[in-house]
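Subject: Structure handover

Hello,

Here is the structure I promised to pass on. Please open it next to this message, and then read my notes below.

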Amino acid sequence: AAEILRQLATELCVVVAYGRILPPEVLAIPEKGCINLHVSLLPQYRGSAPVQWSVLNGDKETGVTIMQLDEGLDTGDILKVAPIAIGENETSGELFERVTALGAETLLACMEEIAQGKAQPVPQDHDKATLAPPLKKEMAEFAFDRPAQDLHNLVRGMNPWPVAYFIHEGKKVKVLRSRLVSGSGRPGQILAIKPLTVACAEGALALDEVVPEGKRPMEGSAWAAGRRFAVGDSL
């Protein structure tokens with residue numbers, strides 16, 4: 001690959017979602033270096049799952065960063081940034097669609113600045129760096145003994161993969177959509193059927209769309225009706 005780049009007399013190398021660190025031999029080939037599109041506001045969320053972690057942590061904003069690649073993991077100088085707000089009920093899958101569209105626009109604008117010699121690299125503040133490691137399936141399980149806000153962030157952040165779930169009578173119930181609602185009770189207590197509302201350690205969560213084990217996605221209220229739940233029952 002390095003030899004091919006040399007033969008092409010490469011001026012600029014653009015890397016997007018490559019998943020590997022380029023070796024120094026390759027970084028040195030293009031006349032104007034190698035740049036990368038990263039979907040976070042660096043130095044926040046270095047690593048492979050920045051969009052998911054911004055949702056899991058309940059951030060109100062994320063964005064894209066175009067950076068000059070070096071030998072580290074997302075540690076290079078910043079060339080251009082563009083922020084974007086995160087919706088209260090937005091899933092990581094929905095956010096990814098928006099942030100990648102923004103990234104394409106920002107990348108093209110940055111390449112134009114590089115071509116015109118207007119790009120101004122800014123070193124990252126490495127002391128403020130945070131990591132965004134890959135998600136694991138075991139991270140998706142939850143119980144209602146946590147604050148509703150935390151569980152809502154988990155549901156959003158784990159959609160579309162691996163999808164947050166809780167165990168009811170020995171079977172998985174995946175939660176695709178949720179909302180924060182008012183209410184209180186013992187953790188796991190059903191406060192309402194329409195919508196299916198469950199008390200958490202703090203606050204309450206409406207389970208708008210669920211996937212019972214072995215079944216298709218359905219409204220939480222439909223699942224509750226099928227199970228003949230009543231207000232006061234526990235999940």
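Two strands pair if DSSP finds at least two bridges between them. Keep that in mind for the sheet below. One caution before that: this is a predicted model.

The sheet

Four strands form an open sheet in the order β1-β2-β3-β4. The pairing is mixed. β1 (13-16) and β4 (78-85) each have a single partner strand, so one side of each is left without a neighbour in the sheet. These two strands stand at the edges. On average, neighbouring strands are turned by 15° against each other, direction ignored.

Inside this sheet, look at β2 and β3. Strand β2 covers residues 34-38, and strand β3 covers residues 61-68. They pair in the antiparallel sense, over four bridges.

Helix α4 takes in residues 92-115. The helix lies across β1, β2, β3 and β4. Against β4, α4 runs at about 150°.

What sits between β4 and α4? Thr 91 lies in that loop. Its relative accessibility is 4%, under the 20% limit, so Thr 91 counts as buried. Leaving out residues up to four places away in sequence, Thr 91 touches Arg 156, Asn 159 and Arg 177.

Cis peptide bonds

Two places to check here. A cis peptide bond joins Trp 161 and Pro 162, with omega at about 5°. Pro 162 is in the loop between α5 (148-157) and β5 (165-168). Another cis peptide bond joins Lys 194 and Pro 195. There omega is about -5°. Pro 195 belongs to the loop between β7 (190-192) and β8 (197-199).

Positive phi

Tyr 45 has a phi near 60°, a positive value in a residue other than glycine. Tyr 45 lies in the loop between β2 and α3 (50-56). Is Tyr 45 buried or exposed? At 6% relative accessibility, Tyr 45 counts as buried.

Arg 228 is not a glycine, yet its phi is positive at about 60°. Look for Arg 228 in the segment after α6 (220-226). Relative accessibility there is 75%, over the 50% limit, so Arg 228 counts as exposed.

Best wishes

Conventions: Residues numbered from 1 in each chain as written. Predicted model: local features only at pLDDT ≥ 70, side-chain atom pairs only at ≥ 80, totals over all residues. Heavy atoms only, no water. Axes fitted to C-alpha atoms, helices over the stretch in contact; angles between N-to-C directions. Contact = heavy atoms within 4.5 Å. Buried < 20%, exposed > 50% of the residue type's maximum accessible area, 1.4 Å probe, protein only.
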